[in-house]
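Here are my notes for you to read alongside the model. Take them one point at a time and look up each spot as you go.

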Amino acid sequence: MALMETTALLQEMETYAEAHNVPILNANGRRFYAQFIHEAQPHRILELGTAIGYSALLALSLAPADCTVDTVELDEERYAIAQANFARTPLGTRVTQYLGDAGDVAERLAQEGRMFDFIFLDAAKAQYPDYFRKVTPMLAAGGTLVADNVLFRGYVLHPVMMPRRFETIVGRLQEYLRLANTPPYQTEIFPRGDGLARTRRMTDAKGGTS
Ligand code: SAH
Ligand code: MG
């Protein structure tokens with residue numbers, strides 16, 4: 001297939017995601033995510049949860065021209081669809097895909113000493129506390145950590161009337177927000193959409209982090 005203009009490709013992916021119930025960033029989430037990328041001007045992005053590659057291409061379309069994305073997906077079919085989408089744009093040459101469990105791959109990248117200046121958590125929501133512990137050592141000084149769906153349909157802030165089956169996931173997201181708000185980390189929550197959290201590491205008195 002011929003290479004496509006990015007805006008047209010992103011639009012086509014939005015339509016595909018809607019038709020096939022793929023939970024890519026929703027309309028509000030996209031606007032905030034674009035703003036985060038714009039403000040961070042990242043060069044090395046780590047993404048947990050590729051799905052069909054939408055958020056990776058959105059980020060690359062807005063980031064500096066040397067920016068790369070390392071992205072992890074567990075589902076083979078989605079991994080393959082993302083691979084095909086990346087092949088349709090020159091931006092895709094700057095993507096490295098991993099097929100596997102996000103926590104396992106994050107652990108491996110950390111062991112390899114990899115560093116990133118922008119990290120996006122969007123894989124298994126119940127694993128966010130585990131992801132936090134695994135990825136924060138790879139977050140460069142001054143880097144940005146973003147997590148999607150942290151409010152989980154509003155239940156994370158308002159657990160009244162919450163169906164029992166959501167107890168574990170909501171408890172884990174609450175734990176994530178506690179971790180991400182414990183010094184030296186500080187987090188802002190953007191509640192439109194399903195809740196995006198943006199975390200930064202504050203400079204401490206010992207001056208080690210930025
Ligand atoms: N970031 C994407 C959407 C990701 S949806 C975008 O906005 O365009 C979440 C994805 O995480 C799904 O495709 C799901 O298959 C994947 N996922 C779920 N559990 C996972 C795990 N343990 N490891 C890696 N990926 C996982
Ligand atoms: Mg999401």
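Predicted model: local features only at pLDDT ≥ 70, side-chain atom pairs only at ≥ 80, totals over all residues.

1. Every number below was computed from it.

2. Start with ligand 1. There are 20 residues around ligand 1, and those that come nearest are Gly 49, Ser 55, Glu 73, Asp 101 and Asp 122. Sorted by class, this shell holds 11 nonpolar, four polar and five charged residues.

3. Now zoom in on the polar contacts. The side chain of Ser 55 has an N or O atom 2.8 Å from a nitrogen atom of ligand 1. For Asp 101, a polar side-chain atom is 2.8 Å from a nitrogen atom of the ligand. As for cover, ligand 1 has 580 Å² of accessible area on its own, and the protein covers 89% of that.

4. Which pocket does ligand 1 take up? Ligand 1 takes the space of the largest pocket. That pocket holds about 490 Å³ of space. It is lined by 27 residues, and Pro 23, Arg 78, Asp 122, Ala 123 and Lys 125 are the closest to its centre. Helix H3 (54–62) and strand S2 (68–73) are the elements that each give two or more residues to the lining. By class, the lining counts 11 nonpolar, eight polar and eight charged residues.

5. Next, have a look at the backbone. Most residues other than glycine have a negative phi, and most peptide bonds are trans. With that in mind, find the bond from Pro 183 to Pro 184: this peptide bond is cis, with omega near 10°. Pro 184 belongs to the loop between helix H7 (167–179) and strand S6 (185–190).

6. The last stop is Asn 149. This residue is not a glycine, yet its phi is positive, at about 65°. You'll find Asn 149 in the loop between strand S5 (139–148) and H7.

Notes:
Residues numbered from 1 in each chain as written. Chains lettered and ligands numbered in written order. Heavy atoms only, no water. Near = heavy atom within 4 Å. Polar contact = N/O pair within 3.5 Å; in protein donor to acceptor, adjacent residues only side chain to side chain. Areas by Shrake-Rupley, 256 points an atom, 1.4 Å probe, with all protein chains shown as cover. 1 Å grid on protein atoms, 1.4 Å probe; cavity = no way out; pocket = protein on both sides within 12 Å on 5 of 7 lines; lining within 4 Å. Sits in = over half its atoms within 2 Å of the grid points. Nonpolar A, V, L, I, M, F, W, Y, C, P; charged D, E, K, R; others polar. Points joined across faces, edges and corners; volume = space filled by probe spheres on them. Helix = DSSP H or I, 4+ residues; strand = E, 2+ residues; numbered from the N terminus.
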